[in-house]
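Please look over the sequence and the coordinates before reading on.

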Amino acid sequence: MTRQPRLSSQSGIYHVMLRGVNRQQIFEDDDDYRKFIMILHDMTSPKDELKRPLPPRCAFYTYCLMPNHVHLLIQEKEEKLSKTVKQIASRYAMYYNNKYEHFGHLFQDRFKSEPVESYSYFLTLIRYIHQNPVAGRLCQRVEDYDWSSWAEYTNAPNRVSAICAVATVLNRIPLDELREQVHTPLPKAQQVLDFDRYRGIAPTEAVIDFLNSAYHVKDPKDLKTYPKVQRDEILQAALDFGAGINQLSCLTSISTYIISHAGVRP
């Protein structure tokens, strides 16, 4: 079967997931986690052969390293996403294979990515990525996990280098508000960023739950009465979530023309 081309992001921001082949563990000890974060640091602060600074290859807003997969919220800078992520994966795979005398692929052949076009979805990703260890039952609280970027946001003592563009995020949302959102668990129906949950259009029940949980829309048909800017933001977030245009039209009684021409992704 022919691979589908990656969706391109007009914002240059993507959610990326790298997963161990056959879901195998990719981090065996603390030094492995530190090595991966050091590689991420090298992407944001590269140097030439003479150790002179070069323009950043990318920017990171959020990351989380889980035992068998990695989540990155990344923005393209000097090079395309695919080149940056392949460099990250190949450098870590070389380290891992040498350390553990491992042979064969470490990561699944093709990393998974999705474009991030709306601010609301961007915030959802920050919540989702930081909540991953709690959802995976690796810890009870977001701040208890050592291998995510949350410590950078809270200025908590951290065992690794800071690599994320935290100030950019906090210029848009106060830390106290972000902290409250990050500590409020996303509903199960909104856990769509595992990439295995939905292929194609999200189930109607999940879309309804998303509208209710994320925007307190009790009845999707109420969206017709919302101010245009607010309506368009919610519709765009629903499309980012995985809803289809025709599906949203049936749920909201808003025409497909308005949905596809209201500043949302067609």
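Leaving aside its neighbours within four places in sequence, which residues is His-130 in contact with?

## Basis of the model

The model is a predicted one, in which local features need pLDDT of at least 70 and side-chain atom pairs count only at pLDDT 80 or more, while totals for chains, interfaces and linings use all residues. Residues are numbered from 1 along each chain as its sequence is written, and side-chain values use heavy atoms, with hydrogens and water left out.

## The surroundings of His-130

With contact taken as heavy atoms within 4.5 Å, and with neighbours within four places in sequence left aside, His-130 is in contact with Thr-62, Tyr-63, Val-142, Ser-148, Ser-149, Trp-150, Tyr-153 and Val-182. The residue belongs to helix α3, which covers residues 119–135; helices (H or I, at least four residues) and strands (E, at least two) are DSSP runs, numbered from the N terminus.

His-130 counts as buried because its relative accessibility is 1%, where buried means under 20% relative accessible area, exposed over 50%, and partly exposed in between (1.4 Å probe, protein chains only).

All seven of the seven residues of strand β1 (residues 13–19) are buried, so the strand is largely enclosed by the rest of the structure. In a regular strand the side chains alternate between the two faces of the sheet. Both faces of β1 are covered, with Ile-13, His-15, Met-17 and Arg-19 buried on one side and Tyr-14, Val-16 and Leu-18 buried on the other.

Two strands pair if DSSP finds at least two bridges between them. Strand β1 runs antiparallel to β3 (residues 69–76), to which seven bridges join it, and Arg-19 has His-69 as its bridge partner in β3. Strand β1 is also joined by four bridges to β4 (residues 112–115), again in an antiparallel arrangement, and there Tyr-14 stands opposite Pro-115.

## Salt bridges

Side chains of opposite charge can pair when their charged atoms come close. The count comes to 11 salt bridges, each being a side-chain nitrogen of Lys or Arg within 4 Å of a carboxyl oxygen of Asp or Glu. Asp-42 forms one with Arg-91, the closest N and O atoms being 2.9 Å apart; because Asp-42 lies in helix α1 and Arg-91 in helix α2 (residues 81–100), this pair ties together parts that are 49 residues apart in sequence.

Arg-179 and Asp-176 meet in a salt bridge of 3.0 Å, N to O, and both lie in helix α6 (residues 175–182), three residues apart, about one turn of the helix. Arg-231 and Asp-232 meet at 3.1 Å, N to O; Arg-231 counts as buried at 14% relative accessibility, as does Asp-232 at 10%. Asp-29, Asp-32 and Lys-99 are linked in a network of salt bridges.

## Loop residues with positive phi

Lys-51, a residue other than glycine, has a positive phi near 65°, and is found in the loop between α1 (30–44) and β2 (58–66). Lys-51 counts as exposed at 64% relative accessibility. Ser-253, also not a glycine, has a positive phi near 65°; it lies in the loop between α9 (245–252) and α10 (256–260) and is partly exposed, with a relative accessible area of 40%.
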